[in-house]
Amino acid sequence: MADQPVDVRIEDGVAVLTIDNPPVNALSAAVRAALLRGLETAFADPSVRAVVLVAAGRTWPAGADIREFGKPPAAPWLPEICDRIAAAPKPVIAALHGHALGGGLELALAAQVRLADQAARLGLPEVTLGLLPGAGGTQRLPRLIGAGAALRMMLGGQPVTAESAEKMGLVDAVVPGRVDVAALRLARSHATGETALPTAADRALHRDGRAWMAAVAQARRDLGERGLPAPARIVDCVEAALLLPEAEGFAFERAAFEDLLATPESAGLRHAFLAERAAARQPDLQGIAPRPLSRVGIVGGGLMGAGIAMALLRAGFDVTLVEESTEALTAALARISASHDRAVARGQLSAEAREREWDRLSGTTQLIELEDADLVIEAVFEDEAVKRLVFADLGRVTRPGAILATNTSYLDVARIGEASGRPEDVIGLHFFSPAHVMRLVEVIPTDRTRPEVLATAFALARRMGKIAVRAANSEGFIGNRILTACRTAADFLVEDGASPYQVDRAMVAWGFPLGPYQVLDLAGHEISWARRKRAAARRAPGARHVAIPDRICEAGWLGQKAGRGYYRYPEGSRRGEEDPEVLALIEAERARKGIVARPVGSAEIHRRLLAAMANEGARLLEEGVARRPSDIDVVMITGYGYPRWRGGPMHDADQAGLLSLRNALRDYAREDAAFWTPAPLWDELIKNGRRFADLNAG
Ligand code: T1G
């Protein structure tokens, strides 16, 4: 890291300003100050005829420094620097490589000339943070590429390739080789008068008001009424860019940006972004080299096994899928082939890539064929005895040093692993269905797991493009513990008077894609029924137990696959219909327990389910199952549909206020102390004026 985040070199009439703030040249306060100083130096130096902006390291600035948001803002502001560049007395050339994103792209938009290398990606992802491009992007981009294209980039938030950027006029040229060298050459030829660089006036900026307003109207129609605040403000800003005088358009954008910055939605989305990155930080694994991985075996080709195999193939691994019979193997390979067909049909996978993946896949019924695998992932039926048998065999056939992983979602990884005879090479890798789509993987080391095995698991997740979250080996790990607490609180409310359909509607209105009972029907009731049976033996005396879920299972209503669960699924439809027989069953259970149904509102449903999830989260932190509250948030957001803009249960609890939520828990504990008593961590944090967020450091 240079002592100065911006290096200024003046030579042959050209000033080269190099931004150097690893890892992604985020435009922090220090960078902004140094950049403005560098620009002023270059603009004031009479020998300078042109200015080149380049970035050191792996990328052009990937935006404003997200960690600075929510903190007291520090001058100079990025819009100010962009305006200085846009009004520069000398041409400024931006040389883009890596990810030119957010404020980084806005910096380039202010320049007179933009060059990009072939691998560059350009985007305005602010909407994914609940924000809008607040440094002139909503004003300059539509003028440069048209309102329609600009709105697509800003509302989608996804980067475009350098090639597409050139086609849409976002960059002036895509250059082979090093873009900084090409930019310097161009600047020098301008400095010697050989080349006249285009000025803003030369550009055929988009000014067609009719097309512009048509794009704005279309975007508003597509957005509809519902949704997060940022997209609609982006459209307002693009409209303002046409209708308002330039300076007022920029001011309009700034005001909208400030508004969004203060929204809980943006706070939640920014938290989620940083929390996902923090989850990868494992201080105790610093300097521990992962083992090399290229050949991976999968035992069990069911829904999970096949999904994991596809995710590994997509990440470039050689995969051997083991099934116990030829029929089962054929079905597993057919499942993968069908998914490939869908991906090719959707344009997500080219036919060539498909062929390459298929070439790296082999199937067998002979476990011995895994003798030289680097890693084996077991994904068989969720039964401890069955899994121990598989691990006993794996311990015999795999080579020393091969890593043995189990995809169990609840069971004791150590108990499963010890059957292999080499527990030090065993780890839990809990993928989520569909495993080739879901980004989360819970990584569960046991007390015997070697550090390099854990380091290898994190490296594997990175290569698969997954978000790995570490959890200690405790039943249900992080996600299923929180889910169970959420469901228990929901069951209490159903027994007290709510209907499961009302609970689902309330949680969908709160931001979840599906409610807890819809999720249960989708996943199937078997695993949670088995878990309840295991838990029955450990239930605290006098602890409240709602038998409704057991009654539903005993009736054979095991979910969508069974045609009915809490909902009915006529002729295999995936949309459930509310079932009067379920309501009758619930009423019968209330009568059996002498419970008179009481009215339950959505606010109470939200509050109790959040309180239950955050309280279980506090217990997970106390037990050391989770290392930081933000890890719990990442698990719930990326694995269980928790609304990303709410930031996860622990962030949400902080937003709701720990004191009021702890007091609510105390109230609920009068109904059932075993479940609702607040974990001691609440008192400790409240006593010290702290929040869960204060435990996220490191
Ligand atoms: N600010 C601060 N830190 C950032 C950062 C940013 N913008 N982007 C990345 N990091 C950190 C990240 O936390 C991690 O840290 C390390 O860099 C590597 O990131 C005014 C309002 C660029 C595609 O939204 O999409 O500009 O964990 O693990 O997978 O209009 O990072 O190592 O300590 O993600 O190779 C808009 C966000 C900001 C882009 C690289 N910009 N970044 O991906 O590495 S808002 C963004 C990314 C804005 C203006 C507005 C990705 C990446 P650590 P990584 P990667």
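The chain exposes about 29,200 Å² of accessible area, and carbon and sulfur atoms supply 55% of it; such areas come from the Shrake-Rupley method with a 1.4 Å probe, and for residues only the protein chains shown count as cover. The model is predicted, so to speak of local features a pLDDT of at least 70 is needed, side-chain atom pairs count only at pLDDT 80 or more, and totals for chains, interfaces and linings use all residues. Residues are numbered from 1 along each chain as its sequence is written, and side-chain values use heavy atoms, with hydrogens and water left out.

Let's look at the overall fold. The secondary structure comes to 29 helices and 19 strands, where helices (H or I, at least four residues) and strands (E, at least two) are DSSP runs numbered from the N terminus. The radius of gyration of the chain is 28 Å, close to the 26 Å that the globule rule gives for 698 residues, so the chain is as compact as a globular protein of that length. Here the radius is taken over C-alpha atoms, and the rule is 2.2 Å times the number of residues to the power 0.38. Of the 698 residues, 55% are buried, meaning under 20% relative accessible area with a 1.4 Å probe and protein chains only.

Now to the ligand. It is surrounded by 26 residues, the closest being Ala64, Glu106, Glu126, Arg277 and Arg281; a residue is near if one of its heavy atoms lies within 4 Å. This shell divides into 14 nonpolar, five polar and seven charged residues, with Ala, Val, Leu, Ile, Met, Phe, Trp, Tyr, Cys and Pro counted as nonpolar, Asp, Glu, Lys and Arg as charged, and the others, Gly among them, as polar.

A ligand nitrogen is 2.9 Å from a polar backbone atom of Ile66. Taken alone the ligand exposes 1,000 Å², of which the protein buries 78%.

Finally, visit Asn480, found in helix H18 (residues 479-496). Asn480 is buried, with a relative accessible area of 7%. Its side chain joins that of Tyr640 through a polar contact of 2.8 Å, that is, a pair of N or O atoms within 3.5 Å; within protein, one must be able to donate a hydrogen and the other to accept it, and residues adjacent in sequence count only if both atoms are side-chain atoms.

Terms used
Buried means under 20% relative accessible area, exposed over 50%, partly exposed in between (1.4 Å probe, protein chains only).
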